[in-house]
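Q: Hi, I'm new to this one. Could you walk me through it?

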Amino acid sequence: MTDIKTDTPKTEAPIRVRIAPSPTGDPHVGTAYIGLLNFLYARQRGGKFVLRIEDTDRTRFVSTSEQEIFNSLRWLGILWDEGPDVGGPYGPYRQSERTEIYRQHVDLLLANGTAYRAFETPEELEDLRLRQIAAKLPPRYDGSHRELPQAKIDQYLAEGRPYVVRMKVPPHTGDSTSSTTFRDELRGNITFEHNNVDDQVLLKSDGFPTYHLANVVDDHLMGITDVIRAEEWISSTPKHILLYKAFGWDLPRFWHMPLLRNIDKSKISKRKNPVSLIYYRQAGFLPSAMINFLGLMGGGMPTNEAASTGKSSEADIFSLDDMIARFRLEDIRLGGPVFDLTKLKWLNGEYIRRSTPEAFYEALRTTILSDSYLKQIAALVQTRVETLGEFGNLTHFFFADDVMPTEEIFVPKKRTREETLTFAAEQLTTLEATDWTHEALEPALKKLGEEKQWSVKENFMLLRAIITGSTMSPPLLESMEIFGKPRTLARIRTFLDTQKKQNNTKK
RNA sequence: GGCGUUAUGGUGUAACUGGUUAACACGCUGCCCUCUCAAGGCAGAGAGUCCGGGUUCGAGCCCCGGUAACGCUACCA
């Protein structure tokens, strides 16, 4: 093993990297992927890895999300040196606690003429957008408040009209540049003409910053040296460069990583692939396997010597420590890798087979057979069994992954297969948007049933069939609650996918 | 539509500064082992490197032109 630190130029500032997830839902595999890459980069260079929470979107905020992000990353062993929960010298690490900082920085931009107030209402902007689309023009802010006379601004402010602050993208008086070129460490120079860069909103009318502003201000203030993020940010990087320039700050290095993909190559999404880290934990994937699998995405691990000497399959198997020792971020492949569950499951199986019997049993007992899980399930069936031996009869679906009802079971007497599948898809949509307590689930499902003219019995029986594979089960909603949202939704999606495929083969 | 990025078997990756029949893993097929199923062992099928030109003795690697996929195009991140 080589000493990585000797490779690091000694003149460099200490490496500081970060991930900045938004607490808007379940922790995402994409967050884990980018987190892993940042973590490795920092560890290999004796740098610091920062976790920052980007909670500036109040409309999408989910209160439990932040804690779940912490739990999931820790589960994987992706540990941060600074963050909201562990503190650090550059805090606070939650953007909602930094609003005063952003306000001050916006004032700086307002004062030096690189930003301006815009007083249009959201309705006016929507109207503009629609007209532009109708005229086959690229939808873009038309800049009408770019050069508002001071008198007008004062008047609007006095009237108390709400406003946003927008970035004044050059060219304008004081800066005549018409394009921005930046270096992506993986791809080389990328150029954007400014007439393709919108006057991005920096400060929303609710006083919160947008991603673009908060991100640049925080990265600078937190001393971030390398921005390692997903490819979807390439398009907005010129805005960020312009902001660094407007503040007069040095640029970090930018590394844009390929996007994880669904099987059909689109950006990975929950509709087509489980993306919740909670799902993977609850479904019984081992953190070592998940980390290993993520390390396979995009390459980056040099071919193992074991591959040429010993068993060749060893080449694909490595630990987090192996990655710290040998992973090369600069070798990441740029094509978007498909997040292929088949290979993940094979890897997971490898890790299970390699466990000691004790470790395997321990893994079962802390996940799929944990005391808390069993205790909740037991409470559900106590009145429904006559011998303890019947426990498995009623609860098999809690422990199985291949539940699939036959058509006779899931299609109600007076319904067709088609309308049943359509309704099941609507149930899925409803469940996705509902808090995961049986108290919340019941009215949500009943409301859907009323709207679509499905009786409560038909409604719940269909769902019961999908979740349990049977027409007989412990109380459905309580069962779903214990089984967990990510796995329940995944089961419904698997059901719908399978039935859809059967449709296609029938025709 | 505009802008940007990407492109090696079905999937993930490999192929030194261009150099023999494009390699490994997953998956798939068959066989062996075996009370079953996995695991394991063995043997296969599957790409000529998105397409078209060019440079070169020689191109997956270099040049030019296309195409397709993906991303962005919000007072979301």
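This is a predicted model: local features need pLDDT of at least 70, side-chain atom pairs count only at pLDDT 80 or more; totals for chains, interfaces and linings use all residues.

Q: Which residues come nearest to RNA strand B?
A: Asp57, Lys204, Glu231, Gly298 and Arg333 come nearest, out of the 53 residues around RNA strand B. A residue is near a strand if one of its heavy atoms lies within 4 Å of it. Sugar and phosphate make up 81% of the atoms of RNA strand B that come within 4 Å of the protein.

Q: OK, back to the RNA. Which polar atom of lysine 267 lies 3.0 Å from a phosphate oxygen, side-chain or backbone?
A: A side-chain one. With valine 338, a polar backbone atom is 2.9 Å from a phosphate oxygen of RNA strand B. Both are polar contacts, meaning a pair of N or O atoms within 3.5 Å; within protein, one must be able to donate a hydrogen and the other to accept it, and residues adjacent in sequence count only if both atoms are side-chain atoms.

Q: And which helix or strand gives the most to that surface?
A: That is α12, with 5 residues. Helices (H or I, at least four residues) and strands (E, at least two) are DSSP runs, numbered from the N terminus.

Q: New topic: how many salt bridges are there?
A: The whole structure has 39. A salt bridge is a side-chain nitrogen of Lys or Arg within 4 Å of a carboxyl oxygen of Asp or Glu.

Q: Is glutamate 350 buried or exposed?
A: Buried, at 14% relative accessible area, whereas arginine 354 is partly exposed at 42%. Buried means under 20% relative accessible area, exposed over 50%, and partly exposed in between (1.4 Å probe, protein chains only).

Q: What about glutamate 458, which residue does it bridge to?
A: Arginine 415, with the closest N and O atoms 2.9 Å apart. This pair links distant parts of the chain, 43 residues apart.

Methods. Residues are numbered from 1 along each chain as its sequence is written. Chains are lettered from A and ligands numbered from 1 in the order in which they are written. Side-chain values use heavy atoms; hydrogens and water are left out.
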